[in-house]
Amino acid sequence: MSSSAVLPVTGTRPAAFPSDRLRRAAEAIVIPVGALLVAMIVFGAFMSMIGKDPLEVYALIYKGAFSSGFAWQNTLQRAAPLILTALCVALPAQTGLILIGGEGALVLGGLAAAVIGHALSGGSPMTVKIGMAMAAMFVGGGWIALAGALRHYRGVNETISSLLLTYIAIALFNHFVEGPLRDPASLNKPSTMPIGDANMVGHIPGMDVHWGLVYGIAFCIVAYVLVRHTVHGFALRIVGGNVRAAKLAGLPVGILILVSCFLGGAAAGLAGMAEVAAVHGSANASLIAGYGYAGILVSFIARHNPLAILPVATLLGGIAASGGMLQRRLDLPDATVLVLEGIAFMVILASETLYGRFRMFQPRET
Amino acid sequence: MSTKLLNPSRRELLKAMAAAGVVAGVGPAVTSRAFAADKVVVGVIYVGPKDDYGYNQAQAQAAAAIKKLPGVTVIEEEKVPETVDVQKTMASMIEQDGAVLIFPTSFGYFDPHVIKMAEKYPKVRFAHCGGLWNEAKHPKNSGSYFGYIDECQYLNGVVAGYATKSKKLGFIAAKPIPQVLRNINAFTLGAQSVNPAITTQVIFTGDWALPVKEAEAANSMIDQGIDVITMHVDSPKVIVETCERRGIYVCGYHANQAALAPKGYLTGAEWNWLTPYTVHVKAVQEGTPMNNFLRGGLKEGFVKTSAYGAAVSDAAKKNADGVKAKMMKDEFVIFKGPLKDNTGKVVIPGGTAYKQQDVVLEQMNYLVAGVAGKV
Amino acid sequence: MDGTSLGWWGVPIAVLGGAIRVSTPFLFVSLGECLTEKSGRINLGLEGILVMGAMAGYGISYLTGSPWLGVLVAGFAGLLLGLLHGTVCSLPRVNDIAVGIGLMLFGTGFAFFLGKPFVQPKAPTLPALHLGDWASSPQIQAALQINVLFIIGLILALAMSWAFRNTRWGLVVRMVGDSADAARAMGYQVNLVRVLSTAVGGFLAGVGGSFLSLYYPGSWNEGLSSGQGLMAVALVIFARWRPLHCFYAALLFGGASALGPALQSVGVSSGYYLFNATPYVLTLGIMIATCSPRRNLAGAPGELSVTR
């Protein structure tokens, strides 16, 4: 690693450039994976302190999450909504906003989907599904764009406002579902009018997982291409890097912030639509399941990279899937999984400080 | 900003990775509990914590009693939300632990989750609490059990009717669904049988477990002069303790909260889920067909009342015991006409009487006259 | 209508009583956050610290029989979590808003995990001061049943107000929060001051949490908090980082939380979900009205990342 190599007369920069890229990619993988391993060790120490064998715990987590076809499908099913709600954090994060309002966008999007789904239920299933998806994305996107607008035009901290908007969204949702939009036949479990069995989204052929997973994967890929490979995405990232520079460059900062927030909210709204159309058939209180909050965690661990969201959501889905086994086999409380996730989150955030500090990841001196 | 670079040697890095590999490789070889092949594996699923002094605890008490039966293993999972998660939980219990009988105990599990899983695993029995099982629509290996706890709420009302001095009662409820409305109405009718001028104030908190809202509701009711409160929320603990602290009377629900309110606890409406649980477990053990629609009240032992507290007068005990005896002999009807709701409409015409088993009652959507509140 | 009921007068009395009852956790958490933010750091993990404090307080009170010991230990638990937040945020390149969210998750999960054995048992609770005994109406008596922590909180707000202006440490904290460079030039260790401020802020938040489980509602279970920690952060901004204004704002929020059930008990029963959302709408409205993208909020510590 010494820098006393013989320098050729012509510059070596172009030849070294691909390996710089490789180094940065390696850094982006090794540090998070290393952080996760440290988190596992910390969690393992915690388990030993309360008298449980950490190896047994991890073996059960593996067994419940990844050891068989059944386990894998369990994991993927739980990961599906997380992918979309993580995008609700990741996309606005490109412009530097830290929004945590995915839960609110999800429930309002689901409500919109249920209402439109019922209204259109006479038509062809494909029209109904597209209508539901559009409505959900529009409403969810609008809700998060509201938080973005408050930030840009009124300077209101978006983290706090998005969380407040979530509570308000849930209150609105409950009010409408149990009041004006309630299906009179849904007595013991207040719900909106059903969308009809013909309009339900089914399972991916051969699997026990519904199409919501595919929506998530598709959205992630599109988001990745948008952010990394288009001029538009580049503009978003400039805003995220240095707002003043973006303004000097003449970029329409306000519009960019609103668009990124709208897209993020649309993803969460789509997750709501998937829950309504693939699982419940109408909007009711079961929609408020905490997927939005879990998505925050996924996005941070994935460092807001849309492609990295896919493996991270799978990992977290797996941990959630194995929670049941931990309860049944080791008599551990359900909060065990929360503790593991909390430790992982803290360690990942602390590991941010390690980027750029390891010599082996530094670009080679010329 | 410090620019000191960290420089772990390659050797140390490789050592760490090897250790991680060993941990991952231990994998499926380790299991912690093997289930004996000859035992009946019963799965119980709760929507909240098992020790909430309320709904889930009542179910858990029955599960704990079942555990003691010979040849039975019980596996439990708590805090399972009413989403796809519960489907996966049921499937895990069946595929990974070999469960043959499942008790999904929260109402919201039934449609669509229990139905879907029952269709997928026809050899497993699903006994759901409170669902409206229908022979035409639902699979034969699913079924529902429920108790007529409104009989006990009626008795709560009778005792409350004697205890109240202000003639104002309070009822803190989560949501205005038929099961809850039936309890509110039974409580009020019971109190009105002692004194027709008694009124009940209802506050809906909006969800099944909101301790701060429940405490606020109790306090604002007491500020309005109400001196006996009962409730229908998942965990009555906060309300019972608040009432005790402010020195008014309280009637319990789901489980026995007398320990929390030694002075103010009058009596309570409790579940006795052991009865239906035993029916189902025995059916599995003996191989008899599943009972798809299990209902029962005081007479069948599905529900019970708490012992009377210190503050209950002898007159109240005599009256309540008398009514209870009639209920035990199936001679008492709570919901009979002419009955008006609190908007003045006649909801049960004169001459009609609905016995407890009548399915019409499971679709109740009104509050009787004398109840202040809106559905 | 008999004489013990107050009818519509019940609503403002309930709101007053609720304001005093419900505001105490807001008060302590916002005072703690005020200190933290004055030093230039924002701690969004207060929700987690609040829940942890509630659990720890209840648990210790149950195990030892002394609720005051519970309050102390709750504060200590909050101190530890605040220390964790402070140290992690001291590392370069770490985003303190993200760490706050992480602490929210970690604190809540940890509290639920350790709190399992305490859901059922009944722990001794904090005593109340009966300041309303002069009133003949039991409702006013109940509304004026004040907990000692409320008084302590008020004294604390006054003390902090005075200390920020008149003591050396108050000046140091403010300097670190307004301009880290100036503080460094004077020889103060910026990170250390911030870590200590966050830790003390955590102590206060933990005490605030213990109030929930040891006085009102007076019980430990997993639904105890519903965003109070986050609202306290907004409260501090609304109060313009002045401790005494935190006190008034906490009363306002407490009253807003009591509005829903109070209205239902006099018969306004439709739309109760919307009434229950009043505190959140109030918070949001206040933030919209008082923030501005252009000029820095008057009174904001210069180094605070929320206002950049």
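1. Basis. Residues are numbered from 1 along each chain as its sequence is written, chains are lettered from A and ligands numbered from 1 in the order in which they are written, and side-chain values use heavy atoms, with hydrogens and water left out. Because the model is predicted, local features need pLDDT of at least 70 and side-chain atom pairs count only at pLDDT 80 or more, while totals for chains, interfaces and linings use all residues.

2. Fold of chain A. Chain A has 13 helices and 0 strands; helices are DSSP runs of H or I of at least four residues and strands are E runs of at least two, numbered from the N terminus. The C-alpha trace of chain A spans about 80 × 60 × 40 Å along its principal axes.

3. Of the 366 residues, 58% count as buried (under 20% relative accessible area; exposed is over 50%, partly exposed in between; 1.4 Å probe, protein chains only). Among contacts (heavy atoms within 4.5 Å) between residues at least 6 apart in sequence, 76% join residues at least 24 apart.

4. Extent of the A–C interface. Here 47 residues of chain A are in contact with 45 residues of chain C. The two chains bury about 3900 Å² between them, with 79% of it on carbon and sulfur atoms; buried area is the accessible area (1.4 Å probe) that two parts lose on being put together, summed over both. On the chain A side, Arg154(A), Ile160(A) and Met346(A) lose the most area to chain C, together 16% of what that side buries.

5. The interface of chain A and chain C has 1 salt bridge (a side-chain nitrogen of Lys or Arg within 4 Å of a carboxyl oxygen of Asp or Glu). Lys116(C) and Asp334(A) form a salt bridge at 3.3 Å, N to O. Helix α6(A) gives the most to the side of chain A that touches chain C, with 13 residues. That side divides into 30 nonpolar, 10 polar and 7 charged residues; Ala, Val, Leu, Ile, Met, Phe, Trp, Tyr, Cys and Pro count as nonpolar, Asp, Glu, Lys and Arg as charged, and the others, Gly among them, as polar.

6. The structure holds 21 salt bridges over all chains. Lys175(B) pairs with Glu178(A), the closest N and O atoms being 2.8 Å apart. Lys175(B) counts as buried at 6% relative accessibility, and Glu178(A) counts as buried at 13%. Lys120(B) forms a salt bridge with Asp208(A), with the closest N and O atoms 3.0 Å apart. Lys120(B) lies in helix α4 (residues 110-120) of chain B and Asp208(A) in the loop between α6 and α7 (212-229) of chain A, so the pair joins two chains. Lys120(B) counts as partly exposed, at 37% relative accessibility.

7. Asp181(C) and Arg184(C) meet in a salt bridge at 3.4 Å, N to O. Both residues lie in helix α8 (residues 180-185) of chain C, 3 residues apart, about one turn of the helix. Asp181(C) counts as exposed at 57% relative accessibility. Elsewhere, salt bridges that share partners join Arg328(A), Arg329(A), Glu77(B) and Asp97(B) into one network.
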